[in-house]
Amino acid sequence: MQNKPVDRLPPLDLLASFEAAARHLSFTRAAAERFVTQSAMSRQMRALEDELGVALFTRRHRALALTADGQRLLTACATALGTLRGAVRDIRTPNRREVLALTTTPGFAALWLIPRLTGFTRAHPGIDVRLDATFENRNLAADGFDLAVRYGKVGQVPGGRHLFGEALLPVCSPRLVKETARPLRVPADLARHALLHMELDNDVGGLPMEWEPWLAAMSLADLQPAARLSFTNYAEAIAAAVAGHGVAMGRRPLVDALLASGQLVAPFAGEAASARGYYVVTDPAARARPAVRALEQWLLEQAGAARPAPATAG
């Protein structure tokens, strides 16, 4: 009997079912997505493994895990199926407006991206942007996103193109600087004021995590503020600073527009470098679309113009 060609593809239906099962790591949830029974999904995965001659899943008690071969096949299937779905969508609706899906953090969206975004849509008529502001690290191909702007440690964002780093410095309302009863002339004066910060899981007593690098650089690691006000996202902490409720840790260049407009001032000279930065990550299949490449390039150009220069005291 003639041997099968080693590059012969399994049935597309099996590959689509595998992609769902591997994404969910659950035959039950994949079966619901594919409108088949759980036992039928299990038989399909056995058939695909027999077809390929390798195990794709490690089956544990009430749990699934991908083998190395399974992970490799998932990467290929997610990319190929994403390309196919995009082509089918474009064929079915050739005259529709193109919508780009971008996911990023709430703080980056509110303070940096949204004020600039109309510049992109004006320059590219017919292209809309759907913005997802969340702390969840979305799977671009599986969740239907074209691009992401990720915040992470420098050099440790897989597949990311560097937008900019960040510099840290305290910021507050100019009204707070003018108070005579509670001056803000030197960093130690922060003991008379409320520190504003985003609440983090690892903030357990002591100083807020986002304040620690700057206070350590100022030799004030033991500073005790008059109060601490915490918020669920960074944009809220900055809004409270604009309103005069305390001093926030400014992340440049996110707060540069507010500094330039005078809504915020930096009461002290001196910044602390951050170990984190912002990166644009583009789904490989989505990059084939000119509109996606245009948004990616626009983000890089905007970031190049926004990289922070040294700040001066307000």
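**Notebook: helices and loops**

I looked up Ser261 first. Ser261 has a relative accessible area of 44%, so I list it as partly exposed. My cut-offs are under 20% relative accessible area for buried and over 50% for exposed, with partly exposed in between, using a 1.4 Å probe and protein chains only.

The model is predicted, and I kept local features only at pLDDT of at least 70 and side-chain atom pairs only at pLDDT 80 or more, while totals for chains, interfaces and linings use all residues. I number residues from 1 along each chain as its sequence is written, and side-chain values use heavy atoms, with hydrogens and water left out.

**Ser261, continued**

I place Ser261 in helix H10. Helices (H or I, at least four residues) and strands (E, at least two) are DSSP runs that I number from the N terminus. The Ser261 side chain reaches the backbone oxygen of Leu258 at 3.1 Å. I also find a polar contact between the side chains of Ser261 and Gln263, at 3.1 Å. A polar contact is a pair of N or O atoms within 3.5 Å; within protein, one must be able to donate a hydrogen and the other to accept it, and residues adjacent in sequence count only if both atoms are side-chain atoms.

**Thr105**

Buried or exposed, I asked of Thr105? Thr105 counts as buried, because its relative accessibility is 19%. I find Thr105 in the loop between strand E3 (98-104) and H5. Its side chain reaches the backbone nitrogen of Phe108 at 3.3 Å. Leaving aside neighbours within four places in sequence, I list Ala133, Thr134, Val149 and Tyr151 as in contact with Thr105. Contact means heavy atoms within 4.5 Å.

**Backbone checks**

I looked for cis peptide bonds and noted the one from Arg252 to Pro253, with omega near 15 degrees. Pro253 sits in the loop between strand E9 (247-252) and helix H10 (256-261).

Leu25 has phi near 50 degrees and lies in the loop between helix H1 (12-24) and helix H2 (27-34). Leu25 is partly exposed, at a relative accessible area of 37%. Ser219 has a positive phi of about 60 degrees and lies in the loop between helix H8 (212-217) and strand E8 (227-231). With 67% relative accessibility, Ser219 is exposed.

**Helix H9**

In H9 (residues 234-242) I list Tyr234, Ala235, Ala237, Ile238, Ala240 and Ala241 as buried. The buried residues of H9 pack against helix H5 (106-123), strand E6 (161-171), strand E7 (194-198), E8, E9 and H10. At the start of H9, a side-chain oxygen of Asn233 comes to within 3.0 Å of the backbone nitrogen of Ala235. After H9 comes Gly244, with a positive phi near 90 degrees.

**Helix pairs**

My axes are lines fitted to C-alpha atoms, for helices over the stretch in contact, and angles run from 0 to 180 degrees between N-to-C directions. I call angles under 35 degrees roughly parallel, over 145 roughly antiparallel, 65 to 115 roughly perpendicular and the rest oblique. In residue classes, Ala, Val, Leu, Ile, Met, Phe, Trp, Tyr, Cys and Pro are nonpolar, Asp, Glu, Lys and Arg are charged, and the others, Gly among them, are polar.

H1 with H2: the angle is about 130 degrees, and the axes are 8 Å apart. H1 is therefore oblique to H2. The crossing is right-handed. I find Asp13, Ala16, Ser17, Ala20, Ala21, Arg23 and His24 of H1 meeting Phe27, Arg29, Ala30, Glu33 and Arg34 of H2. The classes are five nonpolar, two polar and five charged.

H1 with H4 (residues 68-92): the angle is about 115 degrees, and the axes are 9 Å apart. This pair is therefore roughly perpendicular, and its crossing is left-handed. The residues of H1 that meet H4 include Leu12, Leu15 and Phe18, and those on H4 include Leu73, Leu74 and Cys77. I count ten nonpolar, one polar and three charged residues in this contact.

H2 with H3 (residues 38-52): the angle is about 105 degrees, with axes 8 Å apart. H2 is therefore roughly perpendicular to H3. Phe27, Thr28, Ala30, Ala31 and Arg34 of H2 meet Gln38, Met41, Ser42 and Met45 of H3. That contact divides into five nonpolar, three polar and one charged.

Conventions
Left-handed = near helix turned anticlockwise from the far one by under 90°.
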